Amino acid sequence: MLKLTQNDFFNGETSELFTAQVAEQTRQFHQQIEAYQPTPLISLEQLAARLGVKAILVKDESYRFGLNAFKVLGGSYALGKQLAEHLNVDISEIDMKTVAAKLSEPLVFATATAGNHGTGVAWAAREMGQKAVVYMPKGSSQASVTRIQNLGAECIVTDCNYDDTVRIANQTATENGWMLVQDTAWEGYDKIPTWISQGYMTMAVEAQEQVDAMGLKPTHLMLQAGVGAMAGGILGYFADKVGATNFKTIIAEPAKADCIYNSGIKGEMVAVTGELNSIMAGLACGEPNPVTWPILKQCSSFFASVEDEVTATGMRILGNPLAGDTKIVSGESGALNLGLLYMLASREEYTEYRTQLGLDQDAIIMLFSTEGDTNPDRYRQIVWEGALSTAK
């Protein structure tokens, strides 16, 4: 059901790309957006008591800009930085509502996505008066396609997996003179992926302020990874802010697309190939992001490879909480770590892992539910109909 490995390459070294200072800059950009509001950090007190830990804190990104997912933070900041560079001004001078007036004609931004990143890019392009062309891998949900189209973007579903779809988007953007806004990097393409990961750090700034207000200091940070763009940005912030040796970080991903897990074992980037067909569409990526891989290697404590049934359990727990806890609608990519925590803390076969991780009565665990029910049909199949059960 799950595999866990300790990171033997941990050294606690931080990255100048992902610092508290950079995170404040990204949050300032997001604060000038009219619809900006910090998303809630929810304490699941009853679940914590049941699992024998001190606190479980969940950052609920289903409220972000009404888009049901966190990815708009990265897409909007990257578009803002690109437009600032194009206009030769500082990012602080970019106002989403007026920037279009500074251009003779709209720019075209292209991206590949499993759903949420493309939604964020499409939304940001619309808000800034620009155009977006979004490519999606085969098997993408019609709900995601429709959501992107309803934001005014062109959406094209390819006949290949995510990583090959990224290559198609890159080639087409190059041929047409469009701006590629991709959340993974490769040789010669790392500036924009860096901006995207930095954009995600707004979540971390908010979470730090919220946990400070609670008077708590997290002992564990659980982050999910596809290419590692979000995990790297968030981990980079906390490592710089409080020191990587002051908490344990678990990076989890789908077993069928566990490139970060395999990279963690080897100590260098490892790609996995094939269909990558996990229900966690936003995490079904086979190639690590070289921009964020160094911080994951240096500051993660453990890596986990997790079957789909585990995130399905997380979705059901969050959507059907114990009496007194707040309900959280979390999608397949958002609920992974709550499902993982539940399995680790409640199943006898994971006692050794639990001890190794220090999941005891003093543990204060922070998680990020990065999306809501972005695929409503599948959400109902799992939460209503009990698909993908972990029951023995």
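## A charge over a ring

The charged end of R380 sits over the ring of W384, 6.0 Å from the ring centre. The criterion is NZ of Lys or CZ of Arg within 6 Å of the ring centre and within 35 degrees of the ring normal.

This is a predicted model: local features need pLDDT of at least 70, side-chain atom pairs count only at pLDDT 80 or more, and totals for chains, interfaces and linings use all residues. Residues are numbered from 1 along each chain as its sequence is written, and side-chain values use heavy atoms, with hydrogens and water left out.

## The open sheet

Four strands make an open sheet, ordered β6-β5-β4-β7, with parallel pairing. β6 (154-157) and β7 stand at the edges with a single partner strand each, so one side of each has no neighbour in the sheet. Strands (E, at least two residues) and helices (H or I, at least four) are DSSP runs, numbered from the N terminus. Two strands pair if DSSP finds at least two bridges between them.

β4 covers residues 108-112, and five of its five residues are buried. Buried means under 20% relative accessible area, exposed means over 50%, and partly exposed lies in between (1.4 Å probe, protein chains only). V108, A110 and A112 point one way from the strand; F109 and T111 point the other way. In a regular strand the side chains alternate between the two faces of the sheet.

Five bridges join β4 to β5 (residues 131-136), and the two run parallel. K131 in β5 is the bridge partner of V108. From β4 the chain crosses through helix α4 (residues 116-127) to β5, a right-handed β-α-β crossover. Right-handed means that, with the strands pointing away from the viewer, the path from the first strand over the helix to the second runs clockwise. Two bridges join β4 to β7 (residues 179-180), also in parallel. There, A110 stands opposite L180.

Helix α6 (residues 162-176) lies across β4, β5 and β7, running at about 160° to β4. Contact means heavy atoms within 4.5 Å. Axes are lines fitted to C-alpha atoms, for helices over the stretch in contact, and angles run from 0 to 180 degrees between N-to-C directions.

## Aromatic pairs

The structure holds eight aromatic pairs. One of them, W186 with Y189, is stacked: 4.6 Å centre to centre, 20° between the planes. Rings of Phe, Tyr and Trp (its six-membered ring) pair if their centres lie within 6.5 Å; planes under 30 degrees apart count as stacked, over 60 as edge-to-face and the rest as tilted. W186 counts as partly exposed because its relative accessibility is 28%. Y189 counts as buried, at 12%. Elsewhere, Y36, F65 and W123 form one aromatic cluster.

## Positive phi

Most residues other than glycine have a negative phi. N88 has a positive phi, near 60°. N88 lies in the loop between α3 (72-87) and β4. N88 is exposed, with a relative accessible area of 71%.

L388 also has a phi near 60°. L388 is in the segment after α14 (376-383). With a relative accessible area of 30%, L388 is partly exposed.
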